[in-house]
Amino acid sequence: MYLKKFRCFFENENFVGLNRFCCFCSGAQGEFAGLRAIKSYHEAQGQGNRNICLIPISAHGTNPASAQMAGLQVEPINVCKDGTIDIAHLKDKVQW
Ligand SMILES: Cc1ncc(COP(=O)(O)O)c(C=O)c1O
């Protein structure tokens, strides 16, 4: 249900331009645009307090930089030796 609402928000005509624009973005520009859109979505829902971005320490280096530039608080998530997410650490960081 949450994902459905989220998708509807991005399919809104206000975001058509952004969607087209993102097709021409570099990786870092695209992730920044996406993070700004996510932040704007939460703010538009009256949930601007949802500003924490969980990022695995194995993520591309621009990910935490983009999140910070987008006004989000970065919380690094550990990864296991095989490169997968440390689920125990993730669960510890997630607020239900
Ligand atoms: C997640 C992610 N962010 C950023 C980049 C950097 O892309 P660019 O140099 O096009 O900004 C890459 C490139 O692979 C990427 O995978």
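**Fold, ligand shell and selected residues of the predicted model**

Gly48 lies in the loop between H3 and E1, where helices (H or I, at least four residues) and strands (E, at least two) are DSSP runs numbered from the N terminus. The structure is a predicted model, in which local features need pLDDT of at least 70, side-chain atom pairs count only at pLDDT 80 or more, and totals for chains, interfaces and linings use all residues. Residues are numbered from 1 along each chain as its sequence is written.

Because Gly48 has 12 C-beta neighbours inside 10 Å, it counts as exposed. On this scale a residue is buried if 20 or more other C-beta atoms lie within 10 Å of its own, exposed if 12 or fewer, and partly exposed in between, with C-beta atoms placed from the backbone. When residues up to four places away in sequence are left out, Gly48 touches His42 and Glu43; two residues are in contact if their C-beta atoms, placed from the backbone, lie within 7 Å.

Stepping back to the whole chain, five helices and two strands are found. Their order along the sequence is α-α-α-β-α-β-α. Of the 96 residues in the chain, 5% are buried. Among contacts with a separation of 6 or more, 33% join residues 24 or more positions apart.

The two strands come next. Strand E1 (residues 52–56) and strand E2 (residues 73–77) pair in the parallel sense over five bridges, and two strands pair if DSSP finds at least two bridges between them. Ile52 has Gln73 as its bridge partner in E2, while the bridge partner of Ile55 in E2 is Pro76. Together, E1, H4 and E2 make a right-handed β-α-β unit. A crossover is right-handed if, with the strands pointing away from the viewer, the path from the first strand over the helix to the second runs clockwise.

Beyond residues up to four places away in sequence, Gly71 touches Lys39 and Asn51. The C-alpha atoms of Gly71 and Leu35 are separated by 8.9 Å, although these residues are 36 residues apart along the chain.

The shell around the ligand can be followed residue by residue. Around the ligand are Ser26, Gly27, Ala28, Glu31, His60, Thr62 and Asn63; a residue is near a molecule or strand if its C-beta atom, placed from the backbone, lies within 6 Å of it. By class, the shell has one nonpolar, five polar and one charged residues. Here Ala, Val, Leu, Ile, Met, Phe, Trp, Tyr, Cys and Pro count as nonpolar, Asp, Glu, Lys and Arg as charged, and the others, Gly among them, as polar. Helix H3 (27–44) and helix H4 (62–69) each supply at least two residues of this shell. H3 gives the most, with three residues.

The length of H3 can also be checked. At 1.5 Å a residue, its 18 residues should span 26 Å, which agrees with the 25 Å between its end C-alpha atoms; the expected span is 1.5 Å times one less than the number of residues. Just after H3, Gly46 takes a positive phi of about 75°.

Two residues of helix H5 complete the picture. Leu90 is placed in helix H5 (residues 87–93) and counts as partly exposed, because it has 15 C-beta neighbours inside 10 Å. Apart from residues up to four places away in sequence, Leu90 touches Leu54, Ile77 and Ile85. Leu90 and Leu54 are 36 residues apart along the chain, and their C-alpha atoms are separated by 8.1 Å. Lys93 is also in helix H5, and with 14 C-beta neighbours inside 10 Å it counts as partly exposed. Leaving out residues up to four places away in sequence, Lys93 touches Leu54, Glu75 and Ile77. Lys93 and Glu75 are 18 residues apart in sequence and 7.9 Å apart in space, C-alpha to C-alpha.
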